[in-house]
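Dear colleague,

Please find the structure below. My notes on what was found in it follow directly after.

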Amino acid sequence: MLVLGSSHTQGKEVESGKRYTDILNDLLCTANDKARSLEVYNMGADGHHYPDLVSGFEAAIKEFPESSCVVLETGSTDFEIEELKAALTSRSYDDTQTGSQLVGSMSTSLKAKAFVKENLPLILCLKNKVSNSDIRFNGAFGLFNSITTPPSDMPYDEDAYYYAVKATVEKMAHIYDGKIVIMYHHAMKLNCDGSLEKDNEKTYDAFKRAVEDAGVVFLDLQNAFLQAYDRYDVLPYGFNNTSPGTGHMNQYGHQIAAHELYAVLKRRR
């Protein structure tokens, strides 16, 4: 199972083993009673959002052709129509830039830095030393060359946006006949009275409808986030050194994402 996504999927500031892909992997291996330890392969990368994932989708499938499911994580639905159209052009697959080859070519010092970055997220967050290391995965699997640009203030054409999104989903479904799940989350609004509410972008409805009309699962984590806040007073985003409810998904957000994904996969087996 492949999981493509941004720094949320990568697990920024989250301890190794507590990312949603790690938790989902444990759930799947336990449920299937399989001896092998790897069910879920995390391909998250800094700054890679939905259009970048669509563009690199074919390369990822060529690298892992026997994958039974692909999950695309997105923290937004708001993209330029032109960049959605640009994402229809697939990046080429470079078989000299696979994950094992990139890691194998790293020096001992870079591997050590990667280990620290993975296992000491708090130190990374506070001191920001390891994050400036020279570890680079640009070009890996054809995914890591970002094309995403900030949305502009151009007038919003809902129909045009719907068809642009639908074309990207249909492209992926044409390339790959396995399960595809688009997992959506977005920063929640924490009000002065302590209540939490959704804060969707104007493009949310068109994006969701386009995904579902193309026959792909749209998993929205927001209701699960709200339920966790109401029941357990936990926020899915933010850490001790950030403003409450802001920034990357924390361990609670990752736990919720893993269990919501697991529920979807069980229903669709």
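**Findings**

Of the 269 residues in the protein chain, 47% are buried, meaning under 20% relative accessible area, with exposed over 50% and partly exposed in between (1.4 Å probe, protein chains only). This is a predicted model, in which local features need pLDDT of at least 70 and side-chain atom pairs count only at pLDDT 80 or more, while totals for chains, interfaces and linings use all residues. Residues are numbered from 1 along each chain as its sequence is written, and side-chain values use heavy atoms, with hydrogens and water left out.

The protein chain contains eleven helices and seven strands; these are DSSP runs numbered from the N terminus, helices being H or I of at least four residues and strands E of at least two.

Eleven aromatic pairs were found in the whole structure. Rings of Phe, Tyr and Trp (its six-membered ring) pair if their centres lie within 6.5 Å; planes under 30 degrees apart count as stacked, over 60 as edge-to-face and the rest as tilted. Y184 and F218 are stacked, because their ring centres are 5.7 Å apart and their planes are at 25°. This pair links distant parts of the chain, 34 residues apart: Y184 lies in strand β4 (residues 179-184) and F218 in strand β7 (residues 217-220). Y184 is buried at 0% relative accessibility, and F218 is buried at 10%.

As to cysteines, C69 is buried at 3% relative accessible area, whereas C192 is exposed at 92%.

Yours sincerely
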